Amino acid sequence: MLYPPYSHDKLTNPQDTPYVTDNEFRHSTSRSFTEVRDPATNNLVTRVPQMTTAELEGSIASARVAFPVWRGMSVIARQQIMFRYVGLIKENQDRIAAIITLEQGKTLADARGDVLRGLQVAEAACAGPEYMKGEVLEVAKDMETRTYREPLGVVAAICPFNFPAMVPLWCIPIATITGNTLVLKPSERVPGAAMILAELAEKAGFPPGVINMVHGTHDTVNFLLDAPEIKAISFVGSNKAGEYIFERGSANGKRVQANLGAKNHAVIMPDADKDQALASIVSAAFGAAGQRCMALSVVLFIGETRDWLPELAERARALRVDAGFEDGVDLGPVVTPESKTRIENLISTAEGAGATIVLDGRGYKPAKYPNGNWVGPTIISGVQPDMQCYKEEIFGPVLVCLNVDSLDAGIDLINKNDYGNGTAVFTSSGAVAERFRKNIEAGQVGVNVPIPVPLPMFSFTGNKKSVAGGGASTFYGKPGVNFYTQLKTVTSKWASRDMSLEKVELSMPAQL
């Protein structure tokens, strides 16, 4: 256990976070560290090293050496290890959730959900033998073509702060069940969950070098992007970082999938179930303190539903904002003081542009935790599409509200937005839902479902500027397997009689 006890009490002797190479937890010799602080108190939890070049080279070398052995194991053998890994994650769910709450600030209930959604991907990865099946077709007399799925080699993952367990578990199970070895860099803000996942991987039986954990900031990212041994990069995070990673990784000949920012809209139709719609929007807008790329950060009131705004504000006002380990808490702090400042500045720009702050979360402080990074639920009405608070991803507990006259006007407004992660419509009409579904330009659509992230039998399907370079954003499911594997076709001819008695033909066959 890396950081006992799991509470908001000040740690008496915080330990530096190690890295993992060859299934060994090692302490870096670096003198450069990033401090990780409890967002509820800003007490020091741990320090994360900017690993040295030699240490990074060692981790990649470990993955390279492990690859032929891991690839050579049958998919059934890898499946057995994945079964054990799933079991160990289940046994340690609360432990992983607790370190997420301590480092990231989520409520303990939300942190458990973080682990669960990642665990579901690991469970689905146990179907590896099914995913890795090839195809065969007899294409001519005595001739057949077969397809094989083969691993790429050493792959890397660069993970964000907002889902410390889920996003690593988007990558670890799919990358490894398909026969790749992995170098994973957790966010330097929230390393603990990934370190526990590495510990459990060793206990599950993953051989040394199959899963390696490295640390650092820009220098580590650049090292992974430039390392010729790494064949593919998975990234989740901001647009600025993701577009850079996509361009540099692609220029180095790597496959890159990068899931980026969002501005997700909810459309409320007059025929919607009012209680269900408002409850869903409050949950999706303010859960996780709004720090998720699928948060509903914009609501479009159609017609008379604009009169529902006061009740929406009352529901949001009733939410309890407090430290994540406290009982009955609805949302915790944002991750850093810098995030708090950026969010509050964006709220101020809306006020300056003429919008109305219906519910203002600036300046909120729980009595027990005055030093945390607190922003309470905030609702802004009278917003126009040219305002900064609408155009930028706020990534905080802030909901911006616009009034629209019709469904078609709402669809048009959403489609003009640069982002395309997700959207939702609240209605009791099947015809309205189908019109919305057909015409909306977003990768993930919810009908009376506020956060329509698909389960692992499908895959994450953001589009437009929510995906770097128009590339893949297919972390799990069959599309994820496609990303982490190379398709090979083999065409074979097996004569049904002795070919030595026939004349050898040198020309291309005219008929098959």
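Tutor: Two strands pair if DSSP finds at least two bridges between them, and strands are DSSP runs of E with at least two residues, numbered from the N terminus. This is a predicted model, where local features need pLDDT of at least 70. Residues are numbered from 1 along each chain.

Student: What makes β5 and β6 a pair?

Tutor: DSSP must find at least two bridges, and β5 and β6 (residues 143–151) have four, in the antiparallel sense. A140 stands opposite M143 in β6. The pair belongs to an open sheet of three strands, in the order β5-β6-β21.

Student: Why is one side of β5 and of β21 left without a neighbour in the sheet?

Tutor: β5 (136–140) and β21 (485–493) stand at the edges, each with a single partner strand, so one side of each has no neighbour there.

Student: How do you know that β18 is largely enclosed?

Tutor: Buried means under 20% relative accessible area (1.4 Å probe, protein chains only). Five of the five residues of β18 (residues 422–426) are buried, so the rest of the structure largely encloses this strand. G422, A424 and F426 point one way, T423 and V425 the other.

Student: Which strands pair with β18 in the parallel sense?

Tutor: β12 (residues 264–268) pairs with β18 over four bridges, with A424 as the bridge partner of A266. Four bridges also join β18 to β19 (residues 444–447), where G422 stands opposite Q444.

Student: Why is the crossover from β18 to β19 called right-handed?

Tutor: With the strands pointing away from the viewer, the path from the first strand over the helix to the second must run clockwise, so that is what the name right-handed means. The β-α-β crossover from β18 through helix α15 (residues 430–439) to β19 is right-handed.

Note on methods: Predicted model: local features only at pLDDT ≥ 70, side-chain atom pairs only at ≥ 80, totals over all residues. Heavy atoms only, no water. Buried < 20%, exposed > 50% of the residue type's maximum accessible area, 1.4 Å probe, protein only.
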